[in-house]
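Please take a look at the structure below and work through its domains, their interface and the ligand site.

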Amino acid sequence: MTDVDYARYDRIRAVHWTGAGLSLIDQRLLPMQQVWVVCETASAVATAIQNLTVRGAPAIGIAAAYGVVLAAQAHQDAAGLVSIASLEPALQELAASRPTAVNLFWALARMRRVLGERCAVSVLEQEAQAIEREDLAAIRHMGQLGASLIEPGSGVLTHCNTGSLATAGFGTALGVIRAAYAEGRVARVFNTETRPWGQGTRLTAWELLEDGIPAKLIADSAAAHLMKTGQVQWVIVGADRIARNGDTANKIGTYQLAIAARHHGVKFMVVAPSSTVDLSMPTGDHIEIELREARELLEAGGQRIAAEGVQTWNPVFDVTPGSLIDAVVTEQGIFRAPFFGAA
Ligand code: MRU
């Protein structure tokens, strides 16, 4: 295990708390424009989560926690105290912003616990900062744990964006790839486009380019063919929610990558902080899968590309069975079947 040069491999932040507002790099505009959106209310944060200004399970949780702080600042009394009753509407609005990533609900539950019936706004602010700080520490640790599984000279394939932009920094699956590359273990990196929204094309390819890690973007539909050529030994992905038996909700397309990986003898790794593990779910069967608007499929770059009248079905996550997953890496260790307890 070598020390990772984070100045080289972790250059951008998705979320920046100013003390009176939450600055978010607008991920809808990257990589062509770097525009920061400042949210001054919990409602603005909920909208930013819903419309993907900020995205990626850990980053969503962190943003929501700061959203609670903004609501608390708006409702505090002269002594700087805030009550649960006054924050309930904001907590509910934030919880309704996206359904699949459990980090959102985990972060809101943590803020609720600290709040109790009533607490000082400064205590809530410290809790949100702790959530962000702990995520970064967890992610750096799991980066090194995951990298230890990769044989030198390996090729890796990743899906969606799981990097600095999706987390407090460095990244989950991308953190493992970064750590493994820094240790000289990774010879080839491939990343998918991740249609329809293009998290891979727009965000992951850009993060890897900024790091100077040589990588190739592939069409989502090229993945099985890539595996057949023998160029990749690991598929490495993040997660939005992991059930006790290892079933993993992640960006749509993850499931078919896992099937193709098993068929070709390619190993499959899921990397996520323990805040993504939902111990209340024995299996992935009841994980709510977000459906998003038709526009994501009907348009490319804001231009309509499908004929008027075309119907769509746009689930943006799927659930990969734990049986197709070789390792789940969290900051608490490397977990293999039966993962976090039998179903
Ligand atoms: O719809 P998104 O972009 O929020 O989906 C993101 C993913 O599916 C990521 O793989 C997951 O959140 C893990 S990010 C570290």
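The questions and answers below go from the domains to the ligand and then to a salt bridge.

Student: What should I know about the model and the numbering?
Tutor: This is a predicted model, in which local features need pLDDT of at least 70, side-chain atom pairs count only at pLDDT 80 or more, and totals for chains, interfaces and linings use all residues. Side-chain values use heavy atoms, without hydrogens and water, and residues are numbered from 1 along each chain as its sequence is written.

Student: How far apart do the C-alpha centres of domain 1 and domain 2 lie?
Tutor: The chain is divided into domain 1 (6-137) and domain 2 (149-335), with bounds from an automatic or database domain assignment. The distance between their C-alpha centres is 24 Å.

Student: How many residues does the contact take from domain 1 and from domain 2?
Tutor: Contact means heavy atoms within 4.5 Å. The contact takes 35 residues from domain 1 and, from domain 2, 38 residues.

Student: What area is buried between domain 1 and domain 2?
Tutor: Buried area is the accessible area (1.4 Å probe) that two parts lose on being put together, summed over both. Carbon and sulfur atoms give 56% of the area buried between domain 1 and domain 2, which is about 3,100 Å².

Student: Which residues in domain 1 lose the most area to domain 2?
Tutor: Together they account for 24% of what the domain 1 side buries. They are Tyr9, Arg55 and Thr100.

Student: Which residue forms a salt bridge with Glu290?
Tutor: A salt bridge is a side-chain nitrogen of Lys or Arg within 4 Å of a carboxyl oxygen of Asp or Glu. The count between domain 1 and domain 2 is one. For Glu290, the closest N and O atoms are 2.9 Å apart, and the partner is Arg98.

Student: Which residues come nearest to the ligand?
Tutor: A residue is near a molecule if one of its heavy atoms lies within 4 Å of it. A polar side-chain atom of Arg55 lies 2.5 Å from a ligand oxygen atom, and for Asp240 such a distance is 2.8 Å. Of the 17 residues around the ligand, those that come nearest are Arg55, Ala57, Arg98, Asn250 and Lys251.

Student: How many residues apart in sequence are the parts that Arg118 and Asp77 tie together?
Tutor: The side chains of Arg118 and Asp77 meet in a salt bridge, 3.3 Å from N to O. Arg118 lies in strand S5 (residues 118-120) and Asp77 in the loop between H3 and strand S4 (81-83), so the pair ties together parts whose separation in sequence is 41 residues.

Conventions. Polar contact = N/O pair within 3.5 Å; in protein donor to acceptor, adjacent residues only side chain to side chain. Helix = DSSP H or I, 4+ residues; strand = E, 2+ residues; numbered from the N terminus.
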